[in-house]
Amino acid sequence: MRAARAPPCANISASQLHAQVCRQRMDERTARLLAYVERNVDHFAAACTRCGKCFEACPLARYSGKLAGQAGGAVVTGILDLLQGRGDMPAAIEWARMCCQSAQCVKACPEKLDAMLMVRLARITALGSTGRAPLMADAKRDPNFFRRINAFATLQLTDAEIAEWH
Amino acid sequence: MSGRVVFWYGCNALRHGDIIHGAIAVLKALGIEADPAGGPGYCCGTSKDGNLGAAAGMARRTVEKFNASGRGTVVTWCPSCHRHMATFMQGTSTPHFGVSHITQILHARRAQLAPLLTRRVERRVVLHSHLGFHEVDVAPLVADLLRLVPGVEVTVADYAAPGHMCSALAGTPAALKDVMRTTVDLCAQHGNASLVTIFHACQRILCGLESSDGVKVINYITLLAQSMGVELEDEYSQWKNAGSGQAIVDRIGPERLARVGPEFFSKQILPELLRRPEK
């Protein structure tokens, strides 16, 4: 089922229009997930104060030369620009790439935002998954990922278990 | 929660048959009949950040299968699946079930569990934990469970590694090396303690420390099952510590190798098993 075509509107941004065009080309389940992404992007854009405390709390940032010396507020602004399709700040892309889900950013946010989700959405955006041009390579792309999992299942489960459980 | 649940072990836990079988055995001993579900057919889609269409398809398929199961509760093992269910998966389809992490289920029933842990397991253990997975504070729950095991002396280190599992650090090798070094040092400082992992991905990445550094690495659920009298072979760890490719092949045996396919095994499985923990 295709998503309903949205009426043309002069009051939307170029990125929103782009998202609308993408949504018209995708199936309903993907459109629902993209709508979930967009709802959260709008929420973060409206609620985040760009204080940078989430970046400052990140235990991984010190491992990257690209992030050394960066001001938290600037990197977070870069993340929000990335999410809204109007920026490609290298430090923001690097932070999104490195995120290992320590959740320290969530605890550090004075506004009680799920900053980890914000960074994850930036990663999804930078990978080109929402329809924009990719800004980073997908290091997790692995054509044998599921084949390896099936192979380990074959090595450790019985045929009956695999048939019943998978 | 009713007595029958879905036990959703995810994808990558399939490297560890002992973990899956151990979890089912412990749940069953507590009167919880678990319908196991996992593998690629139940993928949450979290590995598909680069392909929103694939992520959406996987997420919806899995939620709809759980809805169709009629079970009111899905018990999760994997923190990535648990987190993805609470966020993106609900963006594709509405779940008609509750979700609990297995550590919450076991901890809530620890009074029932304690008398089942009859076998002594003489081990001083360091609990390996991570900063992440803020949805459930698993480390204190697991520490409490381990303290129920007669013979186990728990040293809950105040060190928590970055990320929610060791695998999350794969993109930052220097951070993973730091975790490895610190972990080995902690075990040495605590009298050559064994290392107890909470999640499968940490077990996968750390278990090679047995042959490289003499650190025994065991998952908490395998340890609980052992104390219940359910002996489970951690074959992944045995393969990882076998010492050579030929020794791994010998342990697996020709029948199982044939089922996987020798060429696929050589190219896709053996390199992983031969990879050593880097420090």
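How many bridges join β1(B) to strand β2 (residues 33-38) of chain B, and in which direction do the two strands run? In this predicted model, six bridges join the pair, and the two strands run parallel. Gly10(B) stands opposite Gly38(B), which belongs to β2(B).

**The two sheets of chain B**

Strand β1(B) also pairs with β3(B), in this case through three bridges and again in parallel, and Val6(B) stands opposite Val74(B) of β3(B). These pairings belong to an open sheet of four strands, ordered β2-β1-β3-β4 in chain B, with parallel pairing. Its edge strands are β2 and β4 of chain B, each of which pairs on one side only, and the twist from one strand to the next averages 30 degrees. Strand β1(B) is mostly covered, six of its seven residues being buried.

Another open sheet of four strands in chain B has parallel pairing and the order β7-β5-β9-β10. Here the edges are formed by β7 (152-155) and β10 (217-219) of chain B, each pairing on one side only, while neighbouring strands are turned by 35 degrees against each other on average, direction ignored. Strand β9 (residues 194-197) of chain B is joined to β10(B) by three bridges, the two running parallel, and the bridge partner of Thr197(B) in β10(B) is Asn219(B).

**Helices packed on the sheets**

| Helix | Strands of chain B | Angle |
|---|---|---|
| α1(B) (residues 17-29) | lies across β1 and β2 | about 160 degrees to β2(B) |
| α3(B) | touches β1, β3 and β4 | about 150 degrees with β4(B) |
| α6(B) (residues 138-146) | touches β5 (123-127), β7 and β9 | about 175 degrees with β5(B) |

Of these helices, α3(B) can be followed residue by residue. Seven of the eight residues of α3 (residues 79-86) of chain B are buried, so the helix is largely enclosed by the rest of the structure. The buried residues are Pro79(B), Ser80(B), Cys81(B), His82(B), Arg83(B), His84(B) and Met85(B), and they pack against β1 (4-10), β3 (73-76) and β4 (98-101) of chain B.

**Helix α7 of chain A**

In chain A, helix α7 (residues 115-126) has 12 residues, which at 1.5 Å a residue should span 16 Å, and the distance of 16 Å between its end C-alpha atoms agrees with that expectation. Because 11 of the 12 residues of α7(A) are buried, the helix is largely enclosed by the rest of the structure. The buried residues include Met116(A), Val119(A), Leu121(A) and Ile124(A), and also Arg120(A), Arg123(A) and Thr125(A). What covers them includes α2 (28-47), α3 (53-57), α4 (72-83), α5 (90-98) and α6 (104-108) of chain A. The helix is followed by Gly128(A), whose phi is positive, near 85 degrees.

Most residues other than glycine have a negative phi. Ala103(A), although not a glycine, has a positive phi of about 70 degrees, and this residue is found in the loop between α5 and α6 of chain A. Is Ala103(A) buried or exposed? Ala103(A) counts as buried, because 22 C-beta neighbours lie inside 10 Å, where 20 or more are required. Asn192(B) likewise has a positive phi, of about 50 degrees, without being a glycine, and is found in the loop between α7 (173-189) and β9 of chain B. Asn192(B), however, is exposed, since 12 other C-beta atoms lie within 10 Å and the cut-off for exposure is 12 or fewer.

**The contact between the chains**

Between the two chains, 45 residues of chain A are in contact with 46 residues of chain B. The elements that give two or more residues to the side of chain A that touches chain B are α2, α5, α6, α7 and α8 (145-156) of chain A. Of these, α8(A) gives the most, with 12 residues. By residue class, this side of chain A divides into 24 nonpolar, 11 polar and 10 charged residues.

**Confidence in chain A**

The average pLDDT of chain A is 89, and 85% of the residues score at least 70. Over residues 1-9 of chain A, however, pLDDT stays under 50, and for this stretch the model has eight contacts beyond four places in sequence.

Methods. Residues are numbered from 1 along each chain as its sequence is written. Chains are lettered from A and ligands numbered from 1 in the order in which they are written. This is a predicted model: local features need pLDDT of at least 70, side-chain atom pairs count only at pLDDT 80 or more; totals for chains, interfaces and linings use all residues. The expected span of a helix is 1.5 Å times one less than its number of residues. Two residues are in contact if their C-beta atoms, placed from the backbone, lie within 7 Å. Ala, Val, Leu, Ile, Met, Phe, Trp, Tyr, Cys and Pro count as nonpolar, Asp, Glu, Lys and Arg as charged, and the others, Gly among them, as polar. pLDDT is the predictor's confidence in each residue, from 0 to 100. Two strands pair if DSSP finds at least two bridges between them. Axes are lines fitted to C-alpha atoms, for helices over the stretch in contact, and angles run from 0 to 180 degrees between N-to-C directions.
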